[in-house]
Amino acid sequence: MSELQSTVQQVLERAKKSGAGAADVMIREDESFSVTVRMGQVETLKQAISRSLMLRVFIGQRTATSHTSDLTPVVLHRLVDETVDMAKLTSEDESAGLPEQAIHRRGFPDLQLLDPSWEAVTPAARIDLAMRAEAAALSTNHAITNSEGASFDYTRSRVALANTLGFDDAYEGTSAGLYCVPVAQSKDGMQRDYWLSVARYRHQMQSPEEIGTKAAQRALRRLGARKIPTGEVSVIFDPLTARSLLGHVFDAVTGSSIYRRSSFLLDQTGELVAAENINIVDDALMPAGLGSSPFDDEGVPTQVTPIIETGVLRNYLHSAYTAKKLRSLPTGNGSRAASGTVTIGPTNFYLKPGKYTPEEIISSTEKGLYVVELIGFGVNPVTGDYSRGAVGIWVENGKFVHPVQEVTIAGNLREMLKNIEMIGNDVMFLGSIAAPTLKIRNMVISGD
Amino acid sequence: MELSKTIFFEKYNVTTTDLENYLNEALSRGGDYADLYFEHRINHSIVLEEQIIKSATKGVNLGVGVRVVSGEKTGYAYSDDLNRDNVVKAARTAAFIANAAPDGGKVQVAAPLERERNLYSIPIFPAELEIAQKIALLEESDRAARAFDRRIKQVQAIYVDETKHVLIVTSEGKAAWDLQPLVRLNVLCIAEENGKRQSGYQGGGGRRGLDIFAGELDPKAIASESARQAILQLGALEAPAGPMEVVLGPGWPGILLHEAIGHGLEADFNRKKTSAFAGLVGQKVGSELCTVVDDGTIPFRRGSLNMDDEGNPTHQTVLIEKGILQGYLQDRLSSKLMRLPLTGNGRRQSYDHIPMPRMTNTFMMSGDSAPEDIIKSVKKGLYAVQFGGGQVDITSGKFVFSASEAYLIEDGHITAPVKGATLIGDGPTVLRRVTAVGSDLKLDQGIGICGKDGQTIPVSVGLPTIKIREITVGGTEK
């Protein structure tokens, strides 16, 4: 850690010497291991330590950024000088600058991001996790005839960040994922599906057997899928697909899409934008949360930001830049893209659980589609128009009837949010964005 | 060229002995094959927004990936620098995949460096030019978009260029290098009228110098097209829902082939029999009007490469000829295991990724029909000319792609514009439903990005005007 922090300080010093009025530097170091097994054999094994340094400089209110994987001093020095030169050619921007909240401070909370017990898991044991998940899937049923494999990934990440206002800190975390993709075959063709578990701590992971079996069951239930007639019905999103809806809401509440006027939730704070049972929050302080961190990629302390409370839009999410531009305060969502530029990222952005079990939601549905996978990019963030390919299960009189494929579901996100009728109690965290099962009335299904 | 003239030898002091040592380390546990992928990549990007130059970014990526193949198994490791100890460590890590005694032979890198052709011979790489010239392109884009219509309220223009040096050395003693330029300009517009907002997008680029923006891809043309789409959408009707006859315009709608056919013909999925196209070579998968090609050898195109990322020359590969499936897109591993010839389609995002079979420039050959006759032949249908993105489920074969500019066809005439809608179909059957192919093959303007297993790479697509008897359109208007 201290080695990363001292590199960061050296780059800051160089930036100041080269003429930068202000600057911040971040290094991310990932120590990663990943294995894919297929049909009981190791297919690929990958292991590496990768580093990336991201620099941002300001000259007055002009800015430029750079990034490099090559941390040799000669390359770094040259890149710092070039970045300062580039900044001189960009425009004055009154909202540009370091966040004034990102100053030296003590006492960031311990968010339990690191599970050191992973280090004791040998490569052979890691490979075995993937082997066991795939074996469980393949032994579930004779119709599971093939596999796209199972994989285990583990990363230990270190982040060091410093700026010319005196901020200088670092943190470290672990995360692991186990993923299984079996293929089921019947006379009607092949179907694949997947299941996974992602967590920072070993004890939070589902067992390989649970993951493999569930993945197999999901693939099996898709066999014999067919189209359904075009019409308007209720759609139930399972937690995996509901999560993608939350992703669209996240995009719409970022300060950058607001100032660019490219959000379907523009100019609506204080207004009812969703059903009254909807509560959405961005919570960076969730202990052991996959998106938790003590400070953001600009050094701003993170926080819990209510986004939608009882259906009313409360806040947008900001980096230092968008906050200044929209006369608000940074929310600790500054996120550095691989290119080094600061964008806005979710921490733990999720829709709070409701009171219904997924079974209750399904059994309440007279006619509807239970969606288990969405494909394609048919979402217009500006208008909220929504049209995506869907795979699911047809529900009639509260029961699953048959699997469905080659249909689209369409609507508009503004109406969809208001038409959320039931919320499940089954929020599942697999990343920074999460949701429970959701039932939305009146969506158009296009099929036969 | 001599090995010693590559950037890795000249600037980073790599020697032939180093290469041999690394490969010997990689095979120290008895792998069948090993290769080294050296990459030095510089990226620049500049963003104009709200009529000012918001930011300029430079990126440096340097590293070497070491791959060891043992039977069907691949071990992979990489180093972010070319420090000898770190590369040796990566080679030893990758070597772990194999578990046998080394055969005792020592790798010798004696072969001359290969680069038999240059598909992107340009006098000056965009990266070498002054930033001011690039800013001028963005400012011209902004002016043109705003001049197009007063309802254009926001313009975001982005310029990016890339210069990539690649050196590939294999345990078979082969060495190959390439120097790859890539440039692109994108313009995003937001139009507003009476509280309604819509967006438009257009871009263009290729493996060319900045002169690419002097001809039909000039910033004014790109920006005006982006603005035109945003304005058009302000007046668009709800898209229809249900199965319809669909005419696809030429060029970028070729994304249909990329999703519906291309991915399903990548050899890895077929070797593993997880593709809906597995085992169908020699069989009829499309109407006789359909001939589909993947061609990585077209000069200056975004998806073109002198060699793939395993050091093998790219090819023109006929995937489907007059409706009959001819073969798959191969990388080294699949070609060996399937005992089929290489096609030069082993590609990777960068040194920290394992290569796999990928597309280059994928398109359908022109047919005989006049495009206007194709439109005239449709009584009631959809004419889709611009698309956002697409996706496919390789195993079930179902694919989607999203129209961003489409019109109704009524009694042989193009009528009202409709809002974007997703089209959904089945890869193995969609080509059977092609009932007309136009004489107007066009490649896209150089904007394609393809994702697979978390790796993104530049590609191109192309299509003549085609008519599909029936495909499901996912609008909201029943």
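Modeller: A crossing of two helices is called right-handed if the near helix is turned clockwise from the far one by less than a right angle, and left-handed if it is turned anticlockwise. In this predicted model, α4(B) passes α5(B) in a right-handed crossing.

Biologist: Which residues make the contact of α4(B) with α5(B)?

Modeller: From α4(B), the contact draws on B:L137, B:E140, B:S141, B:A144, B:A145 and B:F148. The partners from α5(B) include B:P219, B:I222, B:A223 and B:R228. Sorted by class, the residues of this contact are 8 nonpolar, 3 polar and 3 charged.

Biologist: At what angle do the axes of the two helices cross?

Modeller: The axes of α4(B), residues 131-148, and α5(B), residues 219-234, cross at roughly 40° and come within 8 Å. Angles under 35 degrees count as roughly parallel and those of 65 to 115 as roughly perpendicular. The helices α4(B) and α5(B) are therefore oblique to each other.

Biologist: Let us turn to the two chains. How many residues of chain A are in contact with chain B?

Modeller: On chain A, 65 residues are in contact with 68 residues of chain B. The element that gives the most to this side of chain A is β2(A), with 10 residues. By class, the side of chain A that touches chain B holds 16 nonpolar, 33 polar and 16 charged residues.

Biologist: Which strand of chain B is joined to β2(A) by bridges?

Modeller: The partner is β3(B), residues 73-79; 5 bridges join the two strands, which run parallel. Within β3(B), B:A77 stands opposite A:Q47.

Definitions and conventions
Residues numbered from 1 in each chain as written. Chains lettered and ligands numbered in written order. Predicted model: local features only at pLDDT ≥ 70, side-chain atom pairs only at ≥ 80, totals over all residues. Contact = placed C-beta atoms within 7 Å. Helix = DSSP H or I, 4+ residues; strand = E, 2+ residues; numbered from the N terminus. Nonpolar A, V, L, I, M, F, W, Y, C, P; charged D, E, K, R; others polar. Pairing = 2+ DSSP bridges. Axes fitted to C-alpha atoms, helices over the stretch in contact; angles between N-to-C directions. Parallel < 35°, antiparallel > 145°, perpendicular 65-115°, else oblique.
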